[in-house]
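Colleague: I would like to learn how to read strands, helices and chain contacts in a model. Could we go through an example?

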Amino acid sequence: MDSSRKQQVAVSELVHPKGAIRSPARPLPELRNLRTWASLLVVAVLAVLPALSGSFLLYSLSLCFANALAVLSVSVLVRYGGEVSIGHSFFVALGAYSVAILEKHFGLGLWISLPAALALGFVAGLLFAIPSRRMSGIYLAVASMALALCLPELLIHMERWTGGFEGLYISRDLVPGVSKAGQRYYLALAALVLVCLALAHFRGSRQGMALLLARAHPRAAEAFGITRSWARISIFALSATLASLSGAVLAFASSTVSPNSFTLWSGIFYLVGSVIGLQGTSLIAALIGGGVITLIPQYLASAGDYVPILYGAALLIVTLVANSGSGLRRFLPGKAA
Amino acid sequence: MSALSALPQDLPPLLWSGLVSGCLYGLGALGLVMVFKSSKVVNFAHGNLAGLAAFLVYGFSSGVLLNLSWGSAVALALGLTAIIGVLGYAVIAPLVFKSDLTSTIATLGIGLILQGTIQIVFGAEIVSLELPIPSFGFGLGSLRITAYDLTVLAVTALMIGGLFFVIERTRLGIAFRAVCSNPFASRVCGLNLRLVHLFSWVSGAVLGLVAALLIVPTTFLSSTTVASFMLTAFTAAVVGGFSSLPGAAVGGIVVGIAMNLFSFYVSPEFMNTFLLGVIMLTLNFFPDGLLEKAAGGRV
Amino acid sequence: MQSANLAPPSPQPGALIAHGLNLSFGGIEVLKGVDLDLRPGLVTGLIGPNGAGKTSLFNCLTGLYRPTAGRIALGDTGLDALSPARRAGLGMVRSFQHMALSPDLTLLENVMTGLTLSRRSGWASAFLPLPGGRAETQDAQRRAMAALDELGIAAAAHLAPPELPPGTQRLGEIARALVAHPRVLLLDEPAAGLNAVETRDLTRALRRVMHPGLIMVVVEHDMDLIMQLCDRIYVLNFGKVIACGSPAAVQADPEVLRVYLGADDE
């Protein structure tokens with residue numbers, strides 16, 4: 001319907017006349033510059049913040065950064081895979097508990113447990129994506145729901161390792177002698193900034209572009225040697241690795257892990273954060289998404305029952321606006337979904 | 001060895017109660033599959049709506065909201081549930097022909113709103129909701145068959161029978177089948193796609209309500225039991241191939257029995273993990289469901 | 001009738017040969033003993049009325065369908081068991097009836113995806129600006145730009161496909177198909193959705209990119225494009241090749257005339 005209308009507009013000139021909606025593939029150069037500068041400014045402000053502010057704000061922000069990473073992991077899956085997962089809490093928990101368990105049972109610090117968490121997240125993502133590799137993404141979403149629901153029972157009943165309801169504490173420093181609040185904050189910030197830079201580079205890479213083609217036209221991608229199973233498995237493994245990283249950072253930044261942080265809803269909340277950030281993989285989008293899902297429950301604690309309604313409305317509104325196909329879309333900086 | 005020697009004793013009750021609860025999972029799965037077949041949307045709000053519906057029956061009959069008889073409470077809740085089903089469809093109607101991704105996110109949004117409504121109206125408490133049926137039962141070997149079991153089987157048979165009658169024998173059913181097999185062609189032929197979608201959404205909601213009402217007496221009513229029920233219904237749908245109505249019913253029974261066996265012989269604590277395993281194994285080895293032997297035609 | 005050369009194809013180095021292709025769906029025979037001999041340096045057209053089996057034949061060549069009987073070979077390599085992705089690895093590329101460019105990539109980047117199989121950079125280069133990966137990306141950009149330039153649409157390189165008219169998008173798809181210097185280019189109704197001017201531009205562009213090493217196969221309804229572009233035409237009807245030869249010979253073939261004028265008003 002939409003495409004046929006576009007085709008009638010077409011004339012034999014190379015480019016549509018003025019008024020065409022700019023596609024996200026190539027933001028205006030000025031806009032891109034603006035974005036870069038804005039990101040640099042944000043990073044600069046965040047970098048000097050610890051000198052100016054109290055430790056509670058720093059703690060809150062560290063959690064924001066960790067959640068922003070989790071939001072990014074979902075956004076990457078949506079943007080490059082066109083898939084939805086509501087079970088990313090599983091991979092986040094995997095990363096978080098890897099750090100906690102390696103410290104508690106093996107006395108290992110973050111220098112070892114962080115890479116281990118990444119590796120575990122990668123393997124888990126791979127194993128999870130393989131069964132549905134040739135099928136529609138719907139099956140992945142359904143399976144991810146099972147992932148989210150089995151997480152609490154695993155955490156609670158594997159008490160010997162996970163500490164059950166109580167959870168575990170993380171107390172080892174990354175760099176001994178530096179203030180605890182400081183190293184938690186800077187580790188989370190550094191991880192977030194580095195991941196955003198890596199993702200920006202990924203967008204122009206061979207693999208990134210192949211995934212974008214496979215998302216839009218799986219059969220065309222197949223004709224250029226990009227198979228659906230390769231696309232599905234690689235993007236999911238990548239996304240799960242990121243989620244696991246986010247969990248490791250979260251565990252270190254909050255110095256505790258417990259099943260409370262990984263309920264049935266956590267995975268859906270990461271998706272909410274991603275949708276609110278318009279599934280962007282930029283620093284700003286991630287911070288908005290991570291900020292919303294961290295701060296709203298914190299500040300609306302008294303009105304906690306309204307949080308699901310608020311989030312649900314956000315999902316609906318953003319999705320409806322992004323797909324309205326009319327003038328409303330012009331208010332969005334990029335294309336959602 | 002003791003487990004093996006006790007097998008003739010243990011197995012029949014396990015199979016029987018698995019069959020009974022499996023019928024309910026099948027009803028839940030049928031609603032999912034009907035919606036998916038006709039509108040290609042996986043309705044993640046299905047369980048939340050069923051949960052809300054059960055809470056409404058509780059609210060209307062317990063005095064929390066109203067103080068009606070059980071029958072009137074069910075009738076009122078049924079009406080409201082159907083209306084919510086229509087509203088839910090109306091909200092996502094503009095997204096139905098977009099990507100899987102978009103409609104999935106939208107149904108999750110609806111699910112969250114319904115969930116929040118439950119929490120606000122009924123709080124996070126756990127309530128019990130009994131069926132108004134006599135509590136008789138009789139033994140049959142090592143089996144014990146109760147009025148509840150017979151009610152579930154009868155209601156399931158009635159619902160499935162009614163559904164298949166509508167689909168096989170009425171004009172709406174013919175339109176439904178046509179839309180399921182080729183939405184584009186049926187639109188060209190002048191069939192009202194939206195009407196068919198509404199039919200499937202409302203039927204799904206009603207099936208969900210019935211299943212929830214029947215399952216609640218065996219557990220309790222809380223948001224988490226509904227979430228688990230939803231997962232079981234999804235598993236049943238996957239086992240049945242996700243786009244086959246008979247598959248959904250059979251899938252429900254298979255999953256119900258398998259869950260009973262797992263919980264008795266292995267562990268009752270890792271039920272959802274077991275369901276995850278069932279989903280993964282089905283997707284890997286029977287991507288079109290247990291019933292479908294022929295390959296191809298997958299979505 | 002000398003134009004209706006139905007003799008089994010003689011082997012020729014590098015040719016795409018189909019021999020005795022049969023295809024049936026649930027008992028309905030869509031292709032019945034089709035022989036094709038598609039030679040490098042020639043543009044071959046596949047035409048026929050609706051339902052003649054053109055698209056089925058095309059899909060057999062690209063690997064989407066497995067023929068029920070018969071063999072397909074590119075040079076000495078049998079293709080029968082190979083998936084579309086594996087055939088791509090042998091230098092067979094195709095275009096699609098419906099525009100199949102990614103809306104999230106610029107036209108240039110879309111063309112670069114045509115080089116995916118020939119690029120070697122690993123996952124480390126995907127996330128880190130390593131020198132090897134950067135050099136490879138620059139090389140890919142250069143080659144993609146050259147392909148766009150050859151088709152005359154270099155000016156649109158940095159625009160996104162939704163901003164471009166269908167004719168430019170189609171040329172972009174062809175640039176993507178050609179950028180890795182394939183041995184076989186299969187075009188599935190390249191003029192679909194294009195207006196007359198765009199179709200004319202497309203025909204010229206396709207003639208321009210033709211070279212002696214390339215096997216070009218076109219399935220198309222637009223007779224102007226077919227007649228101007230093709231060196232050799234196969235006419236299908238009811239799953240059989242009913243004529244084969246030069247455009248002029250095929251146009252003069254009474255059987256072809258009967259099929260086209262008598263059966264269908266295309």
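Modeller: Start with pairing: two strands pair if DSSP finds at least two bridges between them. This is a predicted model. In chain C, strand β1 (residues 16-25) and strand β4 (residues 69-74) pair in the antiparallel sense over five bridges.

Colleague: Which residue is the bridge partner of C:A18 in β4(C)?

Modeller: C:I72 is the partner of C:A18 there.

Colleague: What holds strands of a sheet together in general, and what is the order of the strands in the open sheet of chain C?

Modeller: Strands of a sheet pair through backbone hydrogen bonds, in either a parallel or an antiparallel way. The open sheet of chain C has four strands in the order β2-β1-β4-β5, with antiparallel pairing. β2 (28-38) and β5 (77-78) of chain C each have a single partner strand, so one side of each lacks a neighbour in the sheet.

Colleague: Which strands does helix α1 of chain C lie across?

Modeller: Helix α1 (residues 54-62) of chain C lies across β1, β2 and β4 of chain C, at about 60 degrees to β2(C).

Colleague: How many residues of α9(B) are buried?

Modeller: A residue is buried if 20 or more other C-beta atoms lie within 10 Å of its own. By that cut-off, 19 of the 23 residues of α9(B) are buried.

Colleague: How many residues of chain A are in contact with chain C?

Modeller: On chain A, 34 residues are in contact with 45 residues of chain C. The largest share of that side of chain A, eight residues, comes from α9(A). By class, the side has 18 nonpolar, 12 polar and four charged residues.

Methods. Residues numbered from 1 in each chain as written. Chains lettered and ligands numbered in written order. Predicted model: local features only at pLDDT ≥ 70, side-chain atom pairs only at ≥ 80, totals over all residues. Contact = placed C-beta atoms within 7 Å. Helix = DSSP H or I, 4+ residues; strand = E, 2+ residues; numbered from the N terminus. Nonpolar A, V, L, I, M, F, W, Y, C, P; charged D, E, K, R; others polar. Axes fitted to C-alpha atoms, helices over the stretch in contact; angles between N-to-C directions. Buried ≥ 20, exposed ≤ 12 C-beta atoms within 10 Å, placed from the backbone.
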